[in-house]
Amino acid sequence: MLRILKRVFLSVETRDNTNVSAVLRNLSSAASPCANLALKPQMEAKLYQAPPQVRGMTSLDKEAFAQTITVPALRVPTRFLNKVMKSLRKCTIQRPGLPRVVQDKEGSPDFRLVLLDPHRVPSSGSFTEAETETLRSFDVSQELHDYELRLTYDNLKSEEVLEAVLPLGQDVTSAFSRVGHIAHMNLRDHQLPYKNLIGKVIMDKNPGVTCVVNKTNIIDSMYRNFKMEVLAGEENMVAKVKENGVTYEFDFSRVYWNPRLSTEHQRVVELVKRGDTVFDVFAGVGPFAIPAARSGAAVFANDLNPESYRWLQHNCKMNKVEGKVKTFNLDGRAFVQGPLKRELPALFKGKGGVHVVMNLPALALEFLDAFRGLLHQEAPCDDNLPTVHCYGFSKDNNPEKDMVARASLALGFPLEGRCSVHFVRNVAPNKDMMCVSFTLPKESLFSQHEEQTESSEEPTPKRQKCETTDSS
């Protein structure tokens with residue numbers, strides 16, 4: 001439904017943009033019958049017009065972007081400057097690195113020039129009634145003075161620079177994911193000839209970014225990392241990030257980390273209570289496991305990727321939860337059929353809840369079959385059966401129904417009416433990330449006929465490690 005609504009609104013906005021604008025203008029006129037019906041002349045929407053010689057530039061030449069423009073200015077008595085600036089904050093010029101107040105042209109210490117945005121204040125009659133009243137109360141003339149202002153590369157936004165450089169009619173993007181000091185981009189093919197310039201611009205315009213990378217292939221389904229190319233800056237891939245109050249360190253080029261999942265990590269961790277037990281089947285560097293341990297849960301965290309396993313241990317120690325987290329470097333099925341299977345019988349007798357987190361959206365649903373016939377002796381009651389939070393991608397028009405159907409198929413038991421499905425994020429056009437949560441059915445867990453299958457997607461590594469970081 002969410003995807004359909006997006007399409008409908010986009011279609012309506014695109015198709016009826018002109019008519020909607022006309023309707024809004026008519027409504028505005030009807031609501032204000034005494035309003036001035038004269039239309040203001042159409043103004044250029046952009047303060048900066050790039051010199052034509054920068055078009056097609058592949059090696060950044062900052063000096064080529066410089067130009068001088070004329071902007072309006074108000075001559076304001078210095079003693080009233082702060083109060084006038086507060087009133088005019090919406091119409092003063094807003095540019096990175098540019099002052100909004102400059103010395104008076106006549107050199108008088110009693111006056112300053114306040115620089116205005118020429119598109120908001122094209123004439124002395126463009127001030128609102130409130131602004132006009134403020135100017136009058138402080139005896140400030142509404143006469144506009146021309147001021148020659150020099151714009152340089154440093155005063156431009158990244159979007160303006162890239163729009164000036166890339167060929168006309170091509171998409172311009174300055175979007176990226178921030179991972180510590182690293183800006184991670186997904187450039188399109190038409191942007192690749194300008195990739196190094198784009199990287200330099202992103203680094204220049206975003207304080208704290210010292211490395212810009214571009215993903216060069218899709219995420220590997222086994223280790224969840226991808227090859228990347230450094231576009232600008234240092235080649236230091238070891239990032240330090242803070243998410244929901246927890247600090248993590250990892251080699252971004254060798255593990256999986258997505259800053260867009262911060263809210264989802266927090267949502268699931270908030271379901272965990274002190275005294276609960278959490279099994280994190282695809283733990284990565286610990287964004288579920290470590291916060292859960294900090295909240296008072298006992299955690300069993302596993303990841304097949306040796307690098308993720310190493311940084312998981314490092315982050316447990318750095319956040320002082322190594323005594324609450326047992327770490328494993330196993331295939332997902334081996335973890336379910338090994339450590340998880342061994343711990344469950346004792347947990348059935350306890351009072352704490354049991355959570356199983358399976359965040360490998362490309363494959364996690366297929367791993368649910370590892371629970372079929374996992375145990376042979378039924379629990380004394382249904383009160384403490386594990387709650388599973390399993391992630392997946394869906395391209396279906398009804399992703400909720402799709403997730404339930406696929407999870408039911410893997411478990412060999414219908415989950416309709418026995419689960420909830422949460423929308424996590426849209427990862428691509430017509431592709432959503434979802435989370436299906438359910439109490440593990442005893443009909444699957446205690447099946448008399450084991451139907452566990454071997455994985456062809458996540459092969460067991462040649463050398464497996466299983467280490468307990470419990471110091472107690």
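Colleague: Is E307 buried or exposed in this model?

Modeller: E307 is buried, with a relative accessible area of 13%. Buried means under 20% relative accessible area, exposed means over 50%, and partly exposed lies in between (1.4 Å probe, protein chains only). This is a predicted model, where local features need pLDDT of at least 70 and side-chain atom pairs count only at pLDDT 80 or more, while totals for chains, interfaces and linings use all residues. Residues are numbered from 1 along each chain as its sequence is written, and side-chain values use heavy atoms, with hydrogens and water left out.

Colleague: Which side chain does E307 meet in a salt bridge?

Modeller: Side chains of opposite charge can pair when their charged atoms come close. The rule here asks for a side-chain nitrogen of Lys or Arg within 4 Å of a carboxyl oxygen of Asp or Glu. E307 meets R310, at 3.2 Å from N to O. Both lie in helix α9 (residues 306-318), three residues apart, about one turn of the helix. Helices (H or I, at least four residues) and strands (E, at least two) are DSSP runs, numbered from the N terminus. R310 is partly exposed, with a relative accessible area of 44%. Elsewhere, salt bridges that share partners join K62, K200 and D204 into one network.

Colleague: How far apart are K200 and D204, N to O?

Modeller: Their side chains meet at 2.8 Å. An α-helix has 3.6 residues a turn, so residues three or four places apart point the same way. K200 and D204 are four residues apart in helix α6, so about one helical turn separates them. K200 is partly exposed at 28% relative accessibility. D204 is partly exposed too, at 30%.

Colleague: Which residue forms a salt bridge with E264?

Modeller: R267 does, with the closest N and O atoms 2.7 Å apart. Both sit in helix α7 (residues 262-269), three residues apart, about one turn of the helix. E264 is buried, with a relative accessible area of 5%. R267 is partly exposed at 24%.

Colleague: How many salt bridges does the rule give?

Modeller: The count comes to 13.

Colleague: Back to α6. Which of its residues are buried?

Modeller: In α6 (residues 195-205), the buried ones are L197, I198, G199, V201, I202, M203 and K205. They pack against α5 (158-165), β6 (182-185), β7 (211-215) and β8 (228-233). Contact here means heavy atoms within 4.5 Å.

Colleague: Last, charge. Which residues gather in the patch of positive charge on the surface?

Modeller: K86, R89, K90 and R120 do. Patch residues have over 30% relative accessible area and no salt bridge; like charges are joined within 9 Å, and nonpolar side chains (Val, Leu, Ile, Met, Phe, Trp, Tyr) within 5 Å. Lys and Arg count as positive, Asp and Glu as negative; His and the chain ends are not counted. One of the four residues, R89, lies in the loop between α3 (81-87) and β2 (101-103).

Methods. Accessible areas come from the Shrake-Rupley method with a 1.4 Å probe; for residues, only the protein chains shown count as cover. The place of a charge is taken as NZ of Lys, CZ of Arg, CG of Asp or CD of Glu.
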